[in-house]
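Visitor: Please take me through the pocket in this structure and the helices around it. I would like a close look at that one part, with the side-chain contacts spelled out.

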Amino acid sequence: MGSSQHLNFSDFPNSLDIPNSDWNDADDPPQSRRHIKRVAALYLDVILEGEQLAKGGIYPDPDEAGYMTGEEPPNHRQRLFPASISKPKTAFTFSVLDHFLIDALECKTSAMSFYQKLKRFTNNALPERDRYRELMRVSWLWRDLKHRKWFGFGHDMEQDPGDGGLALFCPACPQPGVNLPADWKVHYDRDTIMRQCVIDGNFTAQHMKMNKPELDVALSDGEGYMVAEAPYQSHLKQSLDSKERSTCSNHRAINAANINKSNLWSTGIGATACAQHGCFVPHSVVDFQKGERYMNTDYSICNALGYHSESITKALVIYDVGCQWSINFRSRVKNSPSLLLPPALEIVPAVGKFHLAAHKLSCFPRYSLNFIKDAGHLDGEILETLWAPFNKISPTARSMTQAHRQEVYDDRMRDSNWKKLVGMVPSLLKKYKNSNKCLEEMNEAYEQLTAVLDPDKELWLQLMKNPKSPSGNVGSVACLAEGISIEDSQDQLRSEIRQLPSPMSTRQEVKISEKRQRLSSRIEKFHSNGQAFCKGLDIDGTFTPQDDPAFCESDEEEHEDREFWDDDERPHVPM
């Protein structure tokens with residue numbers, strides 16, 4: 001196993017009928033070996049895998065090789081792929097090329113590692129002629145030919161695949177003209193047929209600057225999952241770097257990632273995928289230049305929302321900083337000729353559940369997936385799981401050419417979507433059975449809860465029928481939120497009082513009085529709003545607000561031995 005053997009083309013199907021008498025065993029006398037070398041000069045050097053990979057290897061050729069016998073060069077009928085079209089001296093079997101692609105996808109094997117494996121199978125002691133460059137060229141062409149064949153463009157020289165034409169997408173997400181009937185608008189409402197997308201960045205997928213970018217050749221630019229390079233660069237030149245003031249938490253750690261790496265052409269990539277099933281959207285993966293900027297993510301989102309979404313009027317977009325991104329998104333689209341959205345499309349922004357914890361409290365009711373209608377059971381973080389296998393190949397792709405890196409990433413995303421497609425039916429069937437079981441349990445729990453409710457439950461129904469509070473805020477939810485906020489203010493004030501020493505100065509006594517008056521006004525307004533909510537309700541008994549007397553007492557009842565410190569005068573309290 002792994003030994004060097006002299007094989008002729010009669011070992012392959014559809015052989016070239018090379019006489020077996022021209023080949024001899026390696027144990028022959030020296031004169032026979034010279035005869036073998038002379039005859040071998042007439043044939044091609046073949047890197048083949050044979051019946052099993054363990055038999056594969058690199059088969060040596062002399063320095064001079066060509067077609068001196070007048071035989072036809074090996075072609076695809078012999079299942080050989082030549083390394084050169086005009087004057088081939090090396091050929092690869094289809095089998096070894098298929099093994100290389102699968103190894104690269106499943107084992108994350110680099111081309112150099114795969115070639116070294118072939119060399120060691122051939123001869124583990126003595127070095128053979130270097131065919132690494134030939135393997136790189138042939139595997140590059142082989143990958144592109146396989147993809148064009150799979151998507152129906154292998155024998156069509158006129159039709160161009162177009163943007164995303166060599167890519168797979170989610171079979172379960174709604175796509176008019178693909179998996180929806182022609183009259184789907186009659187049978188489904190707009191909320192049911194909703195595109196759900198999640199966008200995220202990966203700063204591990206960096207790319208170094210090329211020494212000679214003018215020599216780069218692309219075979220499928222923009223035909224997979226990464227966007228076409230020329231239109232994208234044109235969009236970046238036309239767009240202005242938006243420096244909007246954040247009204248939420250500080251997200252500079254995300255936006256400044258790798259921002260000062262001058263040796264990088266790309267500091268990372270940003271992708272859009274379907275939020276339910278985690279399938280990458282074709283022609284929507286972009287490169288970052290200076291962190292995660294809106295000009296990059298806007299281009300990805302617009303391309304994703306425009307892919308097979310004709311007549312869909314609602315889209316859920318989940319983004320880590322969706323609260324800030326959504327504020328001026330429409331205006332940025334309007335001012336950019338390269339950003340296009342489907343007409344009459346309503347965009348519902350949201351934030352993933354993991355990242356929502358880093359936002360302000362006010363973002364929770366507005367952007368939480370728990371409160372968005374028809375969002376389903378989503379966490380909005382599915383792209384984080386898809387980045388894990390990409391991080392294993394990022395060091396290899398970091399120094400590739402731009403076109404080669406793009407095609408390698410396209411191949412990985414295509415393979416990821418293919419696995420999702422193959423496992424979609426068993427996965428959805430399992431989830432459907434679990435949902436039916438959970439639905440029965442939830443219905444039973446709901447009926448039990450309804451049976452033990454207090455007869456005054458009509459009070460809550462009436463509260464929900466009063467949508468507006470006197471302050472203009474939304475109904476009972478806003479009222480409850482204000483009550484919780486008042487309680488927090490009371491706790492904070494109580495904590496400050498406990499830290500104060502005695503005696504209390506006049507200035508600090510005035511300050512505490514002002515704080516108590518403001519808090520008392522908020523409490524009175526809260527009770528007044530509560531009475532407006534309960535208007536028209538038949539409530540037994542008289543409701544008397546029970547507030548902490550420490551915050552409602554008069555100035556004469558305050559403790560005279562306490563004082564309040566200003567912020568700059570507060571003593572240090574050891575923790």
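Guide: Helix α4 gives the largest share of the lining of the largest pocket, eight residues. The model is a predicted one. The space in the largest pocket comes to about 970 Å³. Other elements that give two or more residues to its lining are α2 (94–106), α3 (111–122), β6 (207–208), α13 (382–397) and α14 (402–422), alongside α4 (132–150) itself. In total, 42 residues line the pocket, and those nearest its centre are Met136, Arg137, Trp140, Thr401 and His404. Sorted by class, the lining holds 18 nonpolar, 11 polar and 13 charged residues.

Next, the charged contacts that involve these helices. Side chains of opposite charge can pair when their charged atoms come close. Over the whole structure, 13 salt bridges are found. One of them joins Arg143 to Asp411, with the closest N and O atoms 3.4 Å apart. Because Arg143 belongs to helix α4 and Asp411 to helix α14, this pair ties together parts that are 268 residues apart in sequence. Arg143 has a relative accessible area of 6% and is therefore buried. Asp411, also with a relative accessible area of 6%, is buried.

Asp411 has a salt bridge to Arg414 as well, at 3.7 Å from N to O. Here both residues sit in helix α14, three residues apart, which is about one turn of the helix. The relative accessible area of Arg414 is 7%, so Arg414 is buried; the cut-off is under 20%. A further set of charged side chains, Glu106, Asp415 and Lys419, is linked in a network of salt bridges. Glu134 forms a salt bridge with Arg131, where the closest N and O atoms are 3.7 Å apart. Glu134 and Arg131 are both buried.

Now the aromatic contacts. The structure holds 14 aromatic pairs. One of them is formed by Phe94 and Trp142, a tilted pair with 4.7 Å from centre to centre and 40° between the planes. Phe94 lies in helix α2 and Trp142 in helix α4, 48 residues apart, and the pair thus links distant parts of the chain. Both of these residues, Phe94 and Trp142, are buried. Another pair is Phe203 with Phe288: the ring centres are 5.7 Å apart and the planes stand at 35°, so this pair is tilted. This pair too links distant parts of the chain, with Phe203 in the loop between β5 (195–202) and β6, and Phe288 in strand β9 (residues 286–288), 85 residues away. Phe288 has a relative accessible area of 1%, so Phe288 is buried. Elsewhere, Phe280, Trp387, Phe390 and Tyr409 make up one aromatic cluster.

Last, strand β4 (residues 90–93). Both of its faces are covered: Thr90 and Phe92 on one side are buried, as are Ala91 and Thr93 on the other. Strand β4 pairs with strand β3 (residues 80–82) in the antiparallel sense, over three bridges. Within that pairing, Ala91 in β4 is the bridge partner of Pro82.

Terms used. Residues are numbered from 1 along each chain as its sequence is written. This is a predicted model: local features need pLDDT of at least 70, side-chain atom pairs count only at pLDDT 80 or more; totals for chains, interfaces and linings use all residues. Side-chain values use heavy atoms; hydrogens and water are left out. On a 1 Å grid over the protein atoms alone, a cavity is a set of points where a 1.4 Å probe fits but cannot get out, and a pocket is an open set with protein on both sides within 12 Å along at least five of seven lines; lining residues have an atom within 4 Å of a point. Grid points are joined across faces, edges and corners, and a volume is the space filled by probe spheres set on the points. Helices (H or I, at least four residues) and strands (E, at least two) are DSSP runs, numbered from the N terminus. Ala, Val, Leu, Ile, Met, Phe, Trp, Tyr, Cys and Pro count as nonpolar, Asp, Glu, Lys and Arg as charged, and the others, Gly among them, as polar. Buried means under 20% relative accessible area, exposed over 50%, partly exposed in between (1.4 Å probe, protein chains only). Two strands pair if DSSP finds at least two bridges between them. Rings of Phe, Tyr and Trp (its six-membered ring) pair if their centres lie within 6.5 Å; planes under 30 degrees apart count as stacked, over 60 as edge-to-face and the rest as tilted. A salt bridge is a side-chain nitrogen of Lys or Arg within 4 Å of a carboxyl oxygen of Asp or Glu.
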